Amino acid sequence: MSRAKYGLTLSNRSVLLGMSTIEEMTSLARQADQAQVWDSVWLGDSIFAKPRLDVFVALGALASVTERVKLGVGCMASTPLRDALLMAYQWLSFDFVSGGRSIFVACQGQREAGGGMFEEEFAAFGIDPSTRSRRMEEAIEILRLVSQTENASYEGEYNRFEDVTVLPRPVQQPVPIWITGHANPAYPKLAKRILRRIARLGDGWMTTANTPQSLAANLATIKRYRHEEGHPRGNDFEASLYYNIHVTEDPHRGMEEVAAYMRDYYYTDYDRGFLDRWVAIGNPDECIERISEFADAGATTITLRLAGYDEAHQFQRVTNEVLPALVG
């Protein structure tokens, strides 16, 4: 069984929905920091599409109660909406405050089911959604540029500045920048463009709703593109799977709770086939087997969202009954 690192995905949205509290969120982050089986803690991002605590504020709160775990945003759905230079300044400040524990994951929002009020969010900022890919690319380029270079200048389609030094300087060098991408084989040209962007601009790739087979195939394509782009063949490229887990001895009842939880969270009634692909549901051995298949397929970091109403109970089961077998 291949070894992967494991991240705990917490919800800075649930505290607005009454499904969790700030105290519960920070308590779980603190407990994960003290349990060596967890390598990282993650929060999500959106502004108006799926309202939540601002991710910079919430991550800062988590940095203040943790010392060891990396802290990431999975993913920064508002990347095309935020001023790229200001966002870079905020992220470098966060890397500094957290002692170099940040992981930035760029993405561009989601039009499909589960993406919330996507159109309304872009309209609120006066931004054409058709420009979001290039805006995201420029934000990635700017974050990398100002994190590595003082007196930096940039000339893009949507961003321009000259002789700018962003302070504080980040602790990490380089600051890790991963990119989301879900390549649908039904749209081969779009899939190729997505995977080439990840290969060209990313230090890592975050994906979701995969099978082990699709993850392995897309990762092989990204690595081939990276070689064509002239990137070194080292093993430092991260392949991250955003995944969900619900540990239970009654998988039928567990699926019912997961379906209700996802409906309350996303306002979307996902079909059971999708949830079966997106969530490891079952007893500890069954969850271990499901997760290990993705590690064997090449995932280097697997983030786990506790899909259920009793997060504290699920956290204890995953921490004590599932992860020791995967990281042992």
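Trainee: At roughly what angle do the axes of helix α4 and helix α6 cross?

Mentor: Bear in mind that this is a predicted model. The axes of α4, residues 84–97, and α6, residues 132–148, come within 9 Å of each other, and they cross at roughly 50 degrees.

Trainee: Which word describes the orientation of α4 and α6 to each other?

Mentor: The crossing angle is roughly 50 degrees, whereas roughly parallel would need an angle under 35 degrees and roughly perpendicular one of 65 to 115. The handedness is a separate matter, and α4 passes α6 in a right-handed crossing. By angle, the two helices are therefore oblique.

Trainee: How many nonpolar residues does the contact of α4 with α6 have?

Mentor: From α4 the contact takes Ala84, Leu85, Met87, Ala88, Trp91 and Leu92, while α6 supplies Ala139, Ile142, Leu143, Val146 and Ser147. Sorted by class, the contact has no charged residues and one polar residue, and the nonpolar residues number ten.

Trainee: Are the residues of strand β7 that point either way buried or exposed?

Mentor: In β7, residues 177–180, Ile177 and Ile179 point one way, whereas Trp178 and Thr180 point the other way. Buried requires under 20% relative accessible area, and on both sides these residues are buried.

Trainee: Which residue of strand β8 stands opposite Ile179?

Mentor: Strand β4, residues 102–106, runs parallel to β7 and is joined to it by three bridges, with Val105 opposite Trp178. Three bridges also join β7 to β8, residues 204–208, again in parallel. In that pairing, the residue opposite Ile179 is Trp205.

Notes
Residues numbered from 1 in each chain as written. Predicted model: local features only at pLDDT ≥ 70, side-chain atom pairs only at ≥ 80, totals over all residues. Heavy atoms only, no water. Axes fitted to C-alpha atoms, helices over the stretch in contact; angles between N-to-C directions. Helix = DSSP H or I, 4+ residues; strand = E, 2+ residues; numbered from the N terminus. Parallel < 35°, antiparallel > 145°, perpendicular 65-115°, else oblique. Left-handed = near helix turned anticlockwise from the far one by under 90°. Contact = heavy atoms within 4.5 Å. Nonpolar A, V, L, I, M, F, W, Y, C, P; charged D, E, K, R; others polar. Buried < 20%, exposed > 50% of the residue type's maximum accessible area, 1.4 Å probe, protein only. Pairing = 2+ DSSP bridges.
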